[in-house]
Amino acid sequence: MQKNQIFSSILLVFLLFAAIITTMADSQPSKVHIVYTEKPEDQEAEEYHIKTLASVLGSEEAAKEALIYSYKHAASGFSAKLTAEQVLELSKQPGVLQVVPSQTVQLHTGRV
């Protein structure tokens, strides 16, 4: 084989591998997470939550689609459908205190 053919073969394998990795990253399942944030002082809570989420998702439209609920009273935060990669990026954003997976729990009592 000539050097050009070897280089072309290596480049083709690299490009195929990159395409597979990109496809796998794009197909990560989204799971619902609760994102606790600092309480915004200069804007409405939901607007602040959407802007925080948009900083990771790329647009306010994508943030509004992912947003499930905006918590405003007892705590500041929101629930949203996020991939594992988005959770990591969001947890690094200013004002984000904690990101935890949402889970349903069943209460048990001592009464029958």
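Partly exposed denotes a relative accessible area between the buried limit, under 20%, and the exposed limit, over 50%. Lys51 falls in this class because its relative accessibility is 41%. The model shown in these views is predicted.

**Figure 1. Overall arrangement of helices and strands.** The protein contains four helices and four strands. Along the sequence, these follow the order α-β-α-α-β-β-α-β. Of its 112 residues, 26% are buried. The accessible surface amounts to about 8700 Å², with 56% of that belonging to carbon and sulfur atoms. Taking contacts between residues at least 6 apart in sequence, 65% connect residues at least 24 apart.

**Figure 2. Helix α2 and its cover.** Helix α2 is built from 13 residues. From first C-alpha to last, α2 spans 18 Å, close to the 18 Å expected at 1.5 Å a residue. The buried residues of α2 are Ala45, Tyr48, His49, Ile50, Thr52, Leu53, Ala54 and Leu57. Elements that cover these buried residues include β1 (31–37), α3, β2, β3, α4 and β4. Just after α2 comes Gly58, which has a positive phi of about 100 degrees. Ser55 also lies in helix α2, and is partly exposed with a relative accessible area of 43%. The C-alpha atom of Ser55 is 9.1 Å from that of Glu89, a residue 34 places away along the chain.

**Figure 3. The largest nonpolar core.** This core has 15 residues, and the members that touch the most other members are Val35, Leu53, Phe78, Leu82 and Leu90. At least two core residues come from each of α2 (45–57), α3 (60–66), β3 (77–82), α4 (84–91) and β4 (96–101). Helix α2 gives the largest share, four residues. Setting aside residues up to four places away in sequence, Leu90 touches Val35, Thr52, Leu53, Val56, Phe78, Leu82 and Val96.

**Figure 4. Surroundings of Ser79.** Ser79 sits in strand β3. At 4% relative accessible area, Ser79 is buried. Apart from neighbours within four places in sequence, Ser79 has contacts with Val32, His33, Ile34, Ala66, Leu67, Ile68, Tyr69 and Tyr71.

**Figure 5. A nonpolar patch on the surface.** Ile68, Tyr69 and Tyr71 make up this patch, and their accessible area together is about 300 Å². Tyr71 belongs to strand β2 (residues 67–71). Its relative accessibility is 31%, so Tyr71 is classed as partly exposed. Patch membership requires over 30% relative accessible area.

**Figure 6. Salt bridge between Glu46 and Lys72.** The structure has three salt bridges. In the one between Glu46 and Lys72, the closest N and O atoms are 3.7 Å apart. This pair joins distant parts of the chain, with Glu46 in helix α2 and Lys72 in the loop between β2 and β3, 26 residues apart. Both ends are partly exposed: Glu46 has a relative accessibility of 35%, and Lys72 has 39%.

Figure 7. Side chains of opposite charge can pair when their charged atoms come close. Here Lys51 pairs with Glu47, with 3.4 Å between the closest N and O atoms. The two residues are separated by about one helical turn because Lys51 and Glu47 are four residues apart in helix α2. An α-helix has 3.6 residues a turn, so residues three or four places apart point the same way. Lys51 is partly exposed at 41% relative accessibility, and Glu47 is partly exposed at 37%.

**Figure 8. Salt bridge between Lys92 and Glu89.** The side chains of Lys92 and Glu89 form a salt bridge with an N to O distance of 3.6 Å. With a relative accessible area of 60%, Lys92 is exposed. Glu89 has a relative accessible area of 35% and is therefore partly exposed. Glu89 is also the residue whose C-alpha atom lies 9.1 Å from that of Ser55.

Conventions:
Residues numbered from 1 in each chain as written. Predicted model: local features only at pLDDT ≥ 70, side-chain atom pairs only at ≥ 80, totals over all residues. Heavy atoms only, no water. Patch = residues over 30% accessible without salt bridge, like charges linked within 9 Å, V, L, I, M, F, W, Y side chains within 5 Å. Areas by Shrake-Rupley, 256 points an atom, 1.4 Å probe, with all protein chains shown as cover. Salt bridge = Lys/Arg side-chain N within 4 Å of Asp/Glu carboxyl O. Buried < 20%, exposed > 50% of the residue type's maximum accessible area, 1.4 Å probe, protein only. Core = buried A, V, L, I, M, F, W, Y, C linked by side-chain atoms within 4.5 Å. Contact = heavy atoms within 4.5 Å. Expected span 1.5 Å × (residues − 1).
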